[in-house]
Amino acid sequence: MTVEKPKSVDAYFASLEPEHRAPLQKLRDTIAAAAPRADEGITYGMPGFLVHGRGLVGYMAFDRHYSLFPMSPAVVDAHRDELGDLVTGKGTISFAYGSRLPVTLVKKVVRTRLAEIAAKGGSH
């Protein structure tokens with residue numbers, strides 16, 4: 001895996017191993033469906049989505065898993081019971097490549113993060 005900051009989301013996807021690209025694309029599509037007005041871009045050095053220029057969520061492929069970063073421990077905590085073992089760090093939700101992506105749960109996490117940003121005045 002490269003640790004170099006990607007120039008764009010498309011460049012990041014082009015750099016992925018083919019077996020990592022499809023699962024990460026499904027995650028990308030799921031986030032986009034939950035946050036249709038968010039902009040894609042690079043946030044905190046990883047591909048993700050932004051609202052009014054502020055990081056909404058990020059995501060990234062790793063050798064053995066891929067992860068969603070809601071950029072808010074409070075959002076992870078709000079769904080901790082449902083997420084269970086998928087929570088692999090304070091603000092990290094990880095998925096195994098061979099497992100089905102919990103689409104409904106990912107959308108809930110993204111919508112909770114959107115609500116958090118709106119409550120903080122990030123939706124001018």
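**Close-up 1. Side chain of Arg113 at the backbone of Pro70.** In this predicted model, the side chain of Arg113 reaches the backbone oxygen of Pro70 at 2.8 Å. Arg113 belongs to helix 5, which spans residues 103-119. With a relative accessible area of 5%, Arg113 is buried. Beyond its neighbours within four places in sequence, the residues in contact with Arg113 are Gly55, Leu56, Val57, Pro70, Met71, Ser72 and Val75.

**Close-up 2. Met71 in the loop between strand 4 and helix 3.**

**Close-up 3. Tyr44 in the loop between strand 1 and strand 2.** Although Tyr44 is not a glycine, it has a positive phi of about 55°. Tyr44 counts as exposed, at 70% relative accessibility.

**Close-up 4. Crossing of helix 2 and helix 5.** The axes of helix 2 (residues 18-34) and helix 5 come within 9 Å and cross at roughly 50°. Helix 2 is therefore oblique to helix 5, and the crossing is right-handed. Helix 2 contributes Lys26, Leu27, Thr30, Ile31, Ala33 and Ala34 to the contact, and helix 5 contributes Val103, Val106, Lys107, Val110, Arg111 and Leu114. By class, this contact of helix 2 with helix 5 comprises eight nonpolar, one polar and three charged residues.

Notes: Residues are numbered from 1 along each chain as its sequence is written. This is a predicted model: local features need pLDDT of at least 70, side-chain atom pairs count only at pLDDT 80 or more; totals for chains, interfaces and linings use all residues. Side-chain values use heavy atoms; hydrogens and water are left out. Helices (H or I, at least four residues) and strands (E, at least two) are DSSP runs, numbered from the N terminus. Buried means under 20% relative accessible area, exposed over 50%, partly exposed in between (1.4 Å probe, protein chains only). A polar contact is a pair of N or O atoms within 3.5 Å; within protein, one must be able to donate a hydrogen and the other to accept it, and residues adjacent in sequence count only if both atoms are side-chain atoms. Contact means heavy atoms within 4.5 Å. Axes are lines fitted to C-alpha atoms, for helices over the stretch in contact, and angles run from 0 to 180 degrees between N-to-C directions. Angles under 35 degrees count as roughly parallel, over 145 as roughly antiparallel, 65 to 115 as roughly perpendicular and the rest as oblique. A crossing is left-handed if the near helix is turned anticlockwise from the far one by less than a right angle, and right-handed if clockwise. Ala, Val, Leu, Ile, Met, Phe, Trp, Tyr, Cys and Pro count as nonpolar, Asp, Glu, Lys and Arg as charged, and the others, Gly among them, as polar.
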